[in-house]
Amino acid sequence: MTRDEAASMAAGFDLKRLPDSFYDDPFTTYRALREHAPVKRMADGSVFLTRHADIVAVYKDVASFSSDKREEFFPKYGASPLFEHHTTSLVFNDPPAHTRVRRLIAGALTPKHIAAMEARLVELVDGLLDALAARPEGEKIDLIESFGGAIPVEVIGNLLGVPRDERAPLRAWSLAILGALEPTLTAEQHALGNAAVSDMLGYLEGLVARRRAAPGDSETDVLTRLIQGEAGGEKLEPRELLHNCIFLLNAGHETTTNLIGNGLRLLAEWPDERARLLAEPDLVRTAVEEFLRIESSNQLGNRITTCATEIGGTALAPRTQVTLGIGSANRDPAQFSDPDRLDIARMPNRHVAFGSGIHQCVGMGLARLEGRVAIGRFLARFPNYRLAAPAVPARRARFRGHARLVAVAAPIASPTPTTTQETRS
Ligand code: HEM
């Protein structure tokens, strides 16, 4: 692309009018924006940021950049279940509401608690790999449906103690609710999102009632922790409790499926990097960070200015809506050398795939573990897998992943190694 073409692409960019090509490849647009309009003003008055340094600066400045979404979401959702949900969860709130919910969740996701989940996770992943290995040789397998999409639902279901036989609807609910965070919505997406929030509230009311009657282990069971609140401190209001459970079930879901799917697609497309990982399986730790960087599962974040401020030399009025281009920051050459190249040993790798600052992903330790166990063990079992059809993107601007990732995978004769390095820090 010539310089003039890039400048014209940046000039015409509007998050609410994305061309089809953007969903396949947002990175060409991001590059044009970084070079020609890094603080891009859009038609609705909001701005879109694409530079790593600017985005990190916003994350750090909690006083000037708020996460409260009431103002932004009311015109989008009206008085609806989606509005109530998205404005009640911790991620879209500022302290102090944010702080107390975060503390309760974080207490169940310490490194010690995450390490304790590994054995069960390995068992789950190996069970899925056994099922794939048992399929007829040469059969095409959708790695999202049969593998990447099947792992987080179990992990997050365990975290909240959702009985196994009640987990089936969780993925569809999650897709519908998070899908409603896209920059623009069709009437159908709107209706699906609202129905999913209502259904999920109904389901969780029953689950909470059962858990109140029979509490779980308050060390590890997040639902019990949220119900009981802080010792001697405040408890969550009933709606707050339900909406934060919904958020948690959703937050750890599609993002992690996409990490696994994106990692497997990248390794299929970069054979030298795949060979490197096969030769040095311990690189799985840095490899997962690189997958998160180069194809960030969550591409966009949002804030609103609380006062007159500036970013990257551009003045912003109070109440300016700001979109953070996480996927762009993670390919910014000012931060990463050769940013479009997959380097599974990249170090340092200061990506912002999990955000940064007070809202940084509370589940990142768990997501990393899932990524390492799933991708590492898949590769050990099916080192020669290949894509059998072009990957089908999920066609979302916010969450980057696949609707389908069809592959052919023949297992090697020797079983997956039983020792893992995954939780070593
Ligand atoms: C690859 C997987 C994941 C990615 C890319 C991801 C990404 C993110 C990002 C970017 C944020 C920050 C949002 C903001 O600043 O506005 C966030 C917040 C959050 N994530 Fe994740 N996430 C992942 C997995 C998980 C998992 C597995 C869980 C739960 C176990 C989880 C729970 C949360 C929660 C509760 C927050 C809100 C934190 C707060 O507001 O303080 N995420 N995530």
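Helices (H or I, at least four residues) and strands (E, at least two) are DSSP runs, numbered from the N terminus.

**Ground rules.** I'm working with a predicted model, where local features need pLDDT of at least 70, side-chain atom pairs count only at pLDDT 80 or more, and totals for chains, interfaces and linings use all residues. Residues are numbered from 1 along each chain as its sequence is written, and side-chain values use heavy atoms, with hydrogens and water left out.

**Entry: T309.** I found T309 in strand β6, which covers residues 309-311. Is T309 buried or exposed? T309 has a relative accessible area of 18%, so I call it buried (under 20%; exposed is over 50%, partly exposed in between, with a 1.4 Å probe and protein chains only). Leaving out residues up to four places away in sequence, I listed what T309 touches: S64, F65, T314, A315 and L316. Contact here means heavy atoms within 4.5 Å.

**Entry: D54.** I next looked up D54, which sits in helix α4 (residues 52-60). D54 is buried too, because its relative accessibility is 8%. With residues up to four places away in sequence not counted, D54 touches V39, L49, I311 and G312.

Entry: Which residue is the only protein donor of the ligand's iron atom? I found C361, through SG at 2.3 Å. Donors are N, O and S atoms within 2.8 Å of the metal (3.2 Å for Na, K and Ca), and since water is not among the atoms, sites may look incomplete. I placed C361 in the loop between α18 (326-329) and α19 (364-381).

**Entry: α17 on α19.** I then followed α19 to helix α17 (residues 284-294): their axes come within 9 Å and cross at roughly 110 degrees. Axes are lines fitted to C-alpha atoms, for helices over the stretch in contact, and angles run from 0 to 180 degrees between N-to-C directions. I therefore noted α17 and α19 as roughly perpendicular; that label covers 65 to 115 degrees, with under 35 roughly parallel, over 145 roughly antiparallel and the rest oblique. From α17, V284, R285, V288, E289 and F291 meet R368, G371, R372, I375 and G376 in α19.

**Entry: α6 on α12.** Last, I checked helix α6 (residues 81-88) against helix α12 (residues 187-213): they pack at about 65 degrees, axes 8 Å apart. I wrote down P81, L82, E84 and H85 in α6, meeting H190, G193, N194, V197, S198 and L201 in α12.
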